[in-house]
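Please look through the sequence and the model below before reading on. The paragraphs that follow go from ring to ring and then to a pair of helices.

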Amino acid sequence: MNTAPILKGLVGSTQICQRLGNQYYYATEYDTKNRIPYYSLYTLSFDKCGSRYNGWFVEPQLSNKNDPSMVLLDISRANNNIATFGSKQAVNVDYTRSGYDRGHLNPQLYHCETEDSRKATNSLTNIAPQVPTFNQGIWNVFETTLYDISKKYCNFVGARRYYITGVLPSNDRFISNGRVNVPDHYWTAVCCDSSGANGALRNEGWSAGFVGGNVNNSSIFIYSIQNFLPTTSTTLFADYKDQNGNTVKNCLFNPTKADNIINEIASTDGRFIKEETSFFSRVCKHIYDRACSLYNMVFG
């Protein structure tokens, strides 16, 4: 990623450059207490995908092992994986018969450039427990819709696509005897960076935010980037310059285009809801104080 999104480091977290073999693919801020990621940061490829990969990796660097590359879990020795790797991260056996899916933050669908780029998304440090009907239902529809929208509106010469997907941990939902937190919400922010384009295309960039409850019968709430963040001074994505040299905050090169895209996404499914109030207000009003504190730590 040429210009990394800007988010604060969090207490009790570890920043991971997700590497498979000798190649880095994306980055994750990992919550070693709750054994789920806070968020993953990644780009999007429009290459044609091959078959889905079903193996699972862990991070030796979270187990005091001097190896920066993810390691494939030996499923046949699942009970030993907790002792070997599980002190600060989830392992595959934590999810077995839990009633929850292994929910990707950085989706495998978005990484089709190579076989290893797909495999790398299957690090369990990129995974959080996801309600099956949410994961396989509206969240899957959302990921596919955002892919299609990005291909339609952020596939011009010079465009770069940056994404951040994260979770808000719950107060009291856990799997595996309290080892792994079940988050209450999943969220995504997208930046279509047009600073590398020429001429009029330099002003075609846009950004938006999305959030869905990790429950049955969920909806996806869609936000302008201004309403997704708690204050106008909050920085989620790096500053850019438009074609006139003006500073562009949070990737909002073209507010009108961003609003039109939000409306188009909302029109594709009745469970996509354009939200006029702020994400911060919704989280604090409808969830709990801890979510407000975490939200402030990440975005404040």
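**Aromatic rings and a helix crossing**

One aromatic cluster is formed by Tyr42, Phe46, Tyr110, Tyr147 and Tyr163. The model is a predicted one, in which local features need pLDDT of at least 70 and side-chain atom pairs count only at pLDDT 80 or more, while totals for chains, interfaces and linings use all residues. Residues are numbered from 1 along each chain as its sequence is written, and side-chain values use heavy atoms, with hydrogens and water left out.

The structure holds 14 aromatic pairs, where rings of Phe, Tyr and Trp (its six-membered ring) pair if their centres lie within 6.5 Å, and planes under 30 degrees apart count as stacked, over 60 as edge-to-face and the rest as tilted. One of these pairs joins phenylalanine 142 to phenylalanine 210, and it is tilted, with 4.9 Å from centre to centre and 45° between the planes. This pair links distant parts of the chain, since phenylalanine 142 lies in helix 5 and phenylalanine 210 in strand 12 (residues 206-213), 68 residues apart; helices (H or I, at least four residues) and strands (E, at least two) are DSSP runs, numbered from the N terminus. Phenylalanine 142 counts as buried because its relative accessibility is 3%, and phenylalanine 210 is buried with a relative accessible area of 0%, where buried means under 20% relative accessible area, exposed over 50% and partly exposed in between (1.4 Å probe, protein chains only).

Tryptophan 187 and phenylalanine 228 form another tilted pair, 5.9 Å centre to centre and with 55° between the planes. Here too distant parts of the chain are linked, with tryptophan 187 in strand 11 (residues 185-193) and phenylalanine 228 in helix 6 (residues 225-228), 41 residues apart. Both tryptophan 187 and phenylalanine 228 are buried.

Strand 11 also contains histidine 185, which is buried because its relative accessible area is 16%. The C-alpha atoms of histidine 185 and asparagine 214 are separated by 5.1 Å, although the two residues are 29 residues apart along the chain.

Helix 5 (residues 138-153) packs with helix 7 (residues 255-267) at an angle of about 140°, their axes being 11 Å apart. Axes are lines fitted to C-alpha atoms, for helices over the stretch in contact, and angles run from 0 to 180 degrees between N-to-C directions. Helix 5 is therefore oblique to helix 7, as angles under 35 degrees count as roughly parallel, over 145 as roughly antiparallel, 65 to 115 as roughly perpendicular and the rest as oblique.
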